[in-house]
Structures are given as structure tokens and as C-alpha cells.
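Keep the sequence at hand as you read.

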Amino acid sequence: MLHEMPEVQLGVIVYSYGNKYEKYDIDGVTYYLVPTNSINKTSKKQIEGCKKAIADFMPDLIHIHGTEHSLAKAVCMSNERNIRVIANIQGLAGPYMRYADGGLSLWDKWTNITPLDFYRGTFLLNAKRSFMQRARCEHYVLTHITDIVGRTQWDHDHVMTVNPNLDYHFMNETLRDSFYEKPLWDYNKCRKHTIFVSNSGSPLKGAHQVLKALPIILRQYPDTVVNFCGSSVMSNNLKVLLHFQGYHLYLRRLVKRLHLQEHVRFLGSLSETQMKQQFLDANVYVMPSAIENSPNSLCEAQILGTPVVASYCGGTPSLLSDGHTGYFYRYEEYEMLAQTVIRLFNTDNFKNLSANEIKTAFLRHNKKINAIALINIYKKAKPN
């Protein structure tokens with residue numbers, strides 16, 4: 001974007017887990033490192049650091065990325081000159097809080113507790129409560145800014161409910177560079193009856209729903225394998241086990257109870273290149289979240305042309321047209337997830353679906369169009 005607006009000077013405030021406020025100038029960009037103890041709770045030290053940064057840089061406009069973390073609130077609290085503030089929505093902690101436990105039963109929450117949960121307080125019983133502080137930060141930010149940038153009907157309706165005086169601007173996301181490049185997904189080169197799930201880190205991401213669907217799929221396709229990005233929950237390594245949280249333990253026990261050990265792989269963290277390869281290798285990509293705004297992983301699957309099955313939730317209806325650029329199912333209805341995957345495994349003709357996905361996603365995530373959209377937002381959001 002700086003190439004399109006060479007007159008723009010950019011200053012960036014970032015978290016620092018050090019003890020002191022720092023400033024660096026790198027490649028024409030000024031970076032301010034603000035000491036932060038918690039991303040969920042705003043501190044006096046954060047506010048003081050943000051005040052210093054704003055006074056030093058003297059911006060015409062402040063642009064916050066993400067509304068739910070402590071530094072976003074600190075910036076708003078430090079804005080003594082009433083500079084116009086724009087915020088980009090990523091997710092929304094308030095609405096997410098309703099779905100944070102992924103529909104797990106009270107029994108599942110009580111019986112899956114690890115030593116790390118005691119140390120960090122990350123009990124499944126606290127899944128919803130853990131969003132509360134972020135939701136408070138988010139509410140403060142949404143009621144103390146002038147402009148909001150979103151990309152789905154869902155995020156529009158939620159933020160405008162909180163603050164109807166906001167100026168809402170629409171702008172799509174730009175994806176990681178390698179996803180704009182060949183190779184694209186090819187049915188003849190993918191691993192047949194392989195499913196890829198890009199996040200298994202928390203209950204709201206819904207990995208357990210895929211595990212529940214898998215025995216149904218295996219009845220017709222006994223060679224099916226699901227590759228999960230996320231912690232190696234089936235590992236017997238003591239070091240790995242000590243890093244388990246309750247949800248990891250729950251997934252491990254569910255795999256064993258359903259006798260799925262030979263049909264699931266937990267791949268750990270993946271690089272951009274590794275992630276793209278998983279999309280290319282998969283016969284089907286599944287996005288099983290209980291709630292999302294606009295998951296980039298779904299968009300990355302679409303731009304490669306990988307067949308997509310996604311839960312109907314949050315902002316996903318703004319990204320996917322059922323039967324045209326992917327397929328929907330209800331989050332709770334893992335039986336429908338299973339049958340949709342089976343139908344996709346039953347066909348070898350993905351030409352239209354992949355072409356529709358690629359065409360739609362390339363337009364939606366066009367770098368040039370998105371850069372111009374941001375420039376126009378900046379021009380509209382002129383300083384007071």
C-alpha cells in the first residue's frame with residue numbers, strides 16, 4: 001500500500017514482553033515497543049507507552065488491527081487529542097464467547113483437566129469466561145472509535161448493534177503470498193479420501209465434530225484419513241504430554257474411544273508452505289468451527305480450488321455460496337458433515353466447483369483492489 005501512497009508515513013505500536021518502552025526506525029517505518037504483561041488486561045504501563053508513541057509520531061489517523069486485545073484499548077485510552085481512529089475487525093470476542101466451549105458437555109469439561117490447566121487456569125470450564133476480558137476490551141474500543149473496517153454481514157450487524165454511530169467500511173482480506181501462485185488444487189494429484197482441518201487448538205474450532213463424523217465416513221470409505229493442523233494429541237512423548245490442555249486430552253480420548261488411531265494425524269504447527277501443501281493434498285477441506293467471522297483458511301482453500309465443506313456460522317455465508325463455491329452444514333449436525341464429505345468422495349468431477357472457488361476468491365482477495373479500498377477508507381476517514 002505504501003507504494004500506492006508514498007506520502008504516507010507509518011508508525012506501528014506493537015506488544016513487547018520486555019520491561020521498557022523502545023523505539024526503532026526500520027526501512028522507513030517507526031516501531032514503538034510497548035511493555036505488555038497481558039494481552040487481555042490493559043495496564044498503566046501500556047497506556048503510558050501508547051501516550052509516548054502518539055505524542056512522538058503525531059499521527060493524523062490511528063488504525064487498530066483487532067478490537068479485543070489490551071493494546072487496542074490502551075491506544076483508545078491514550079488518544080487525548082481525539083485523533084480519528086479506525087479499527088479492523090478480526091474476530092469479535094463478545095459473540096465468540098457464546099460458542100467458546102464448542103458445545104462440549106459439562107461432563108467433558110469436568111473430566112478433561114491437565115496439570116497445565118491448573119498452572120495456567122485454562123480449564124475447559126473456563127472456556128467462555130476466558131473471552132470475557134477480551135469482550136470488555138472490545139466493547140470499550142468499539143464505543144471509543146469513529147470508523148470500523150469489516151468484511152461480512154455478520155461483523156457489520158454485531159458492531160453496529162454495539163455502536164450505531166460507527167462509520168462502517170467494507171474491505172476484503174489479502175491472503176498470504178504463496179496462495180496466489182501455482183500450483184492449484186488438482187483432483188488427479190490429491191490424496192483420495194483425505195480430509196484436511198486447519199485448526200484443532202480450541203473447542204470452538206470444532207475438531208471434535210470431525211472426529212464424530214469420521215466413523216460414519218469410514219463405513220463407506222475405510223481408507224479415509226483426516227490431517228489436523230495443531231498439537232500432536234496422540235503423542236506419548238512426556239514433554240508433549242506436559243503441554244496438554246484439557247481440549248487436547250479430550251481429543252485424545254475421543255480418538256481412542258472411537259478407535260480412530262489409524263485414521264487421524266495431528267501435524268503440529270505448519271509453515272505457510274506446509275499449509276498450502278496440505279490444501280493441495282486434501283480431497284476435501286473441512287472448516288468445522290462453531291463460530292468464525294471470515295476464516296482465512298477457508299479463503300485459502302477456495303483460492304486454490306480445494307473442495308470446501310464448512311459449518312454455517314458467523315460470517316461464512318458472506319464467503320461461501322452453497323453448491324457453488326463449497327458446501328454448508330450445521331455445526332451440531334456432524335451426521336450432515338459426514339454425508340456431505342461422502343458425496344464429495346463419490347465424485348471425481350470437481351471442475352466447476354474448483355473453477356467457481358478460484359474465480360470468486362481471486363476477486364475477493366485481489367491485492368490491488370484491497371489496497372485501493374484501504375486508500376479510499378483513509379481518504380474518507382479524514383481527521384476531525
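The model is predicted, so local features need pLDDT of at least 70, side-chain atom pairs count only at pLDDT 80 or more, and totals for chains, interfaces and linings use all residues. Residues are numbered from 1 along each chain as its sequence is written, and side-chain values use heavy atoms, with hydrogens and water left out.

Side chains of opposite charge can pair when their charged atoms come close. A salt bridge here is a side-chain nitrogen of Lys or Arg within 4 Å of a carboxyl oxygen of Asp or Glu. The whole structure holds 11 of them.

Take Arg84 and Asp167. Their side chains form a salt bridge at 3.0 Å, N to O. Arg84 sits in strand 5 (residues 84-88) and Asp167 in strand 7 (residues 167-170), 83 residues apart. Strands are DSSP runs of E, at least two residues, and helices are runs of H or I, at least four, numbered from the N terminus. Arg84 is buried at 13%, whereas Asp167 is partly exposed at 36%.

Next comes Lys205, which meets Glu292 at 2.7 Å, N to O. Lys205 lies in the loop between strand 8 and helix 8, and Glu292 in the loop between strand 11 and helix 12, so the pair ties together parts 87 residues apart in sequence. Lys205 is buried at 17%. Glu292 is buried too, at 8%.

Key: Buried < 20%, exposed > 50% of the residue type's maximum accessible area, 1.4 Å probe, protein only.
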